[in-house]
Amino acid sequence: MLRFLLSRVSLILPTFIGVTFLAFILIRLVPGDPIEARVGEHGISDERLAELRHEFGYDQPLWKQFLDYEVQVVKGDLGVSVVTRESVWKEFVTLFPATVELSVAAILFAMLIGLPLGVVAAVRRGSAFDYGLMGMSVTGASMPIFWWGLMMILIFSVTLDITPVSGRISDAFFVEPWSGFMLIDCYWSDDEGACRSAWSHIVLPMIVLGTIPLAIIARMTRSSMLEVLNEDYVRTARAKGLGGVRVVIVHALRNALIPVVTVIGLSVSGLLGGAILTETIFSWPGVGHWLVESIARRDYPVLQSGTLLIAVLVILVNLGVDLLYGFLNPRIRR
Amino acid sequence: MKNTAIATVCAVALTAFLGSAQAKTLVYCSEGSPENFNPMINTTGTTFDANRPIYEQLVGFRYGSTEVVPSLAEKWTVSPDGLTFTFNLRKNVKWHSSKTFKPTRNFNADDVIFSFERQWKDASPYHKVSGGGYDYWSDMDMTKLLKAIEKVDDYTVRFVLNEPNAPFLSNLAMDFATIQSKEYADALMKAGKPELIDQEPIGTGPFEFVQYVKDATIRFKAFAGYWGTKPKVDTLVYSINKDPAVRIAKLQANECQISFGPRPADLPALNADKNLTVMAQPGLNIGYIGMNTKKKPFDDVRVRKAVTMVIDQQAILKAVYQGSGQPAKNLIPPTMWSYNDKTPAYKLDIEGAKKLLAEAGYPDGFETDLWAMPVQRPYNPDARRIGELAQADLAKVGIKAKIVSYEWGEYRKRAQAGEHQMVQLGWTGDNGDPDNFFVPLAACSAHNAAQWCNKEFDDLVTKAAKTSNQAERTKLYMAAQDVMTKESPYFFIAHSVVYLPMRANVTGYKMSPFGAHRFDLVDLK
């Protein structure tokens with residue numbers, strides 16, 4: 001187990017350098033720098049431009065900027081936003097809970113619906129339900145998030161007027177950020193109805209972000225179940241005279257879950273990518289939305305360190321999945 | 001699966017649907033995030049809007065007008081030579097408080113001195129805080145203009161100028177001339193966190209700052225201790241959405257009651273919605289095509305004249321502005337005093353243009369670039385489209401225009417350096433004074449988009465700035481506009497009309513000629 005862990009951890013360092021380098025270089029390939037992006041019609045004097053460039057070190061050669069940045073990160077300093085002059089870490093920490101909240105809601109939604117659907121489809125293999133479900137899951141898995149989100153807003157918010165258009169909570173409510181999770185903090189709010197508002201706001205983004213994982217989980221569960229249902233031990237269980245539901249849930253599903261867990265774990269990184277789009281569509285104040293806005297502002301420190309933080313997170317989640325998988329399936333560890 | 005999903009949404013949404021709001025809350029769908037909470041160090045309208053509920057200046061603009069009225073200064077006197085402005089400050093003006101700061105004294109002269117010295121003097125401990133760039137202060141030439149600011153007593157401050165300057169009072173009403181609390185600044189400096197002054201703002205304005213969630217919301221509450229007319233709503237929220245389609249959807253769903261400018265294409269639908277009203281006002285702005293007078297062939301006034309005779313202004317207004325623009329013929333908009341209505345409107349005259357070109361030595365036309373800015377502005381909603389229309393028009397007299405564009409920062413920089421032959425740019429006024437158009441856009445000192453430097457024009461506008469009599473200034477600016485018309489360094493495209501859609505139950509809103517948004521006197525029926 002220790003060797004397994006070490007081999008995984010040893011991959012982290014090159015990944016770290018690669019990610020910081022890519023984040024550093026890619027944003028610099030976009031024309032315009034953060035200082036110029038902020039200048040309006042009034043223009044800016046050359047001296048002032050030089051002064052600001054110097055302050056943020058953009059007058060240095062690129063390799064020097066990159067080295068300085070690496071050293072700074074290793075020292076634990078993620079830098080300061082060029083635009084707001086707040087520390088990137090502070091901004092990340094305030095916005096991150098919103099992203100976690102949305103991602104957790106989306107994956108729960110995907111699991112709660114995807115697992116039972118997959119099981120039913122497997123049990124009724126070849127039925128109209130099975131074909132219908134698999135057809136829809138192909139659609140779901142290839143759903144363009146941007147289009148899907150806007151359609152949902154158009155249908156449920158604008159036409160039917162049953163869900164809010166965007167945000168985390170109605171602007172009428174003020175919730176003191178205690179844990180940062182709106183669905184928790186709202187219970188401490190003095191305003192009655194704050195929680196109802198928070199729940200109604202998360203519904204659409206949760207569905208939009210959860211659609212792709214849902215489709216994948218449903219398909220995965222189905223095929224994994226089909227495999228397991230043909231196993232000898234399932235036949236044995238049936239032969240012992242156990243009821244259909246009991247066989248499916250206790251004997252088959254538990255074993256079928258192993259590959260599904262991997263898929264769920266791996267979809268976490270996909271979720272973070274999807275969250276960037278979903279947060280943008282729904283003005284969900286999380287780190288995805290923050291990064292997209294920062295591209296427009298050419299806010300180099302935010303983009304570099306924000307990308308790094310998200311990469312670290314994905315690495316950690318993947319590591320966790322690897323370990324969990326190894327734990328669930330002892331054969332992997334060898 | 002999808003059906004199940006939709007059914008689930010409906011069920012959850014119906015049971016969870018939001019109840020009624022408590023206190024009176026006004027939500028404004030704004031278009032972007034403020035950079036921070038101090039107008040001194042910023043130049044964008046978005047940041048100014050976000051700060052307006054919090055801060056005040058010595059003087060202000062009357063709600064919905066360009067007229068300068070008392071604000072933190074109750075009254076003022078100007079010496080006969082126009083060099084000394086003495087301000088009598090308002091008494092009993094309370095500062096906001098926050099979790100970390102409880103003011104022990106009211107607003108006084110020390111705050112005024114502190115706020116101006118922060119922007120002016122290197123010696124101020126706050127001069128370098130938050131980057132120390134005071135762009136508006138420099139743009140308005142304040143350092144050159146000011147000789148001294150003196151505290152006469154706790155409630156009297158005297159400004160001494162180096163030369164008479166008519167727009168000075170209007171400058172002081174602008175957002176950059178904001179007054180911050182010296183007591184708060186001192187406390188933060190002592191705590192070693194001076195930069196918080198621009199992130200957790202303390203002001204004297206009608207609303208107190210409550211919370212800012214980046215790219216999401218800014219929340220304010222009515223300030224109970226406000227010296228002026230108390231706000232009509234208890235809570236003011238700016239809901240930030242960059243996407244105009246989302247802002248409109250939120251407005252239609254009554255999630256916000258007032259929304260920042262819509263796209264021209266959305267106007268018909270908004271006008272048709274019975275729950276909404278759409279306010280409109282001619283904007284204090286100008287969109288134009290500058291012709292580089294330092295480069296061939298535009299160094300010849302006949303060529304520039306010919307260009308103004310072939311571009312179809314009406315077609316551009318119809319196709320691009322879709323009713324949200326009015327044709328321009330002068331640099332300043334018609335709502336501004338000293339507008340020269342005698343300037344003839346542009347008239348299409350292809351044959352006349354061909355003749356002028358032939359006289360200038362270009363009987364078969366020539367090749368030129370025509371720059372199209374990559375950003376959308378009220379005064380120019382679609383520069384590429386305008387470029388294409390102008391391109392087609394110019395082709396009629398043999399001028400082959402190539403449309404060129406760069407990323408915005410690069411575009412502005414290259415245009416300022418005069419790399420172009422023809423460039424689209426524009427301007428939105430800051431303080432309602434004609435000086436704020438003529439000097440930055442056409443004076444020799446300004447690197448203007450036409451690289452135009454005309455002695456006669458320069459003398460007229462310089463003289464006008466030093467004259468305090470408005471009738472006298474009007475004459476000078478009228479003459480300056482005649483010079484511009486004669487020389488035609490620009491093809492003026494349009495002054496845009498600015499629209500502001502809101503719910504029908506919003507009362508008391510007045511549109512600002514500067515495009516500023518202000519909500520303290522707004523009520524909800």
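Which residue in S18(B) is the bridge partner of Leu276(B)? The bridge partner of Leu276(B) in S18(B) is Arg503(B). The model is a predicted one, in which local features need pLDDT of at least 70 and side-chain atom pairs count only at pLDDT 80 or more, while totals for chains, interfaces and linings use all residues. Residues are numbered from 1 along each chain as its sequence is written, and chains are lettered from A and ligands numbered from 1 in the order in which they are written.

Strand S18 of chain B covers residues 490–503; helices (H or I, at least four residues) and strands (E, at least two) are DSSP runs, numbered from the N terminus. Of the 14 residues of S18(B), 13 are buried, a residue being buried if 20 or more other C-beta atoms, placed from the backbone, lie within 10 Å of its own, exposed if 12 or fewer, and partly exposed in between. Strands are said to pair if DSSP finds at least two bridges between them. Strand S12(B) (residues 276–282) pairs with S18(B) in the antiparallel sense over seven bridges. Strand S13(B) (residues 285–291) also runs antiparallel to S18(B), joined by four bridges, and here Gly287(B) has Ala494(B) as its bridge partner. Three bridges link S18(B) to the antiparallel strand S14(B) (residues 325–327), with Gly325(B) opposite Ser496(B).

Phe209(B) lies in strand S8(B), residues 207–213. Phe209(B) counts as buried because it has 24 C-beta neighbours inside 10 Å. Beyond its neighbours within four places in sequence, Phe209(B) is in contact with Phe37(B), Ile54(B), Pro201(B) and Phe220(B), contact meaning C-beta atoms, placed from the backbone, within 7 Å. Ser98(B), 111 residues away in sequence, is 8.4 Å from Phe209(B), C-alpha to C-alpha.

A nonpolar core is a set of buried Ala, Val, Leu, Ile, Met, Phe, Trp, Tyr and Cys residues joined through C-beta atoms within 7 Å. The largest such core has 150 residues, and Ile217(A) and Leu58(B) have the most contacts inside it. Helix H10 of chain A (residues 194–229) gives the most to this core, with 21 residues. Apart from this core lies another, of 66 residues, including Trp371(B) and Leu425(B).

In helix H13(B) (residues 383–395), the buried residues are Ala383(B), Ile386(B), Gly387(B), Ala390(B), Asp393(B) and Leu394(B). Seen down the axis of H13(B), these residues fall within an arc of 125°, so they line one face of the helix; the arc is that of the directions from the helix axis to the C-beta atoms.

Key: Expected span 1.5 Å × (residues − 1). Contact = placed C-beta atoms within 7 Å.
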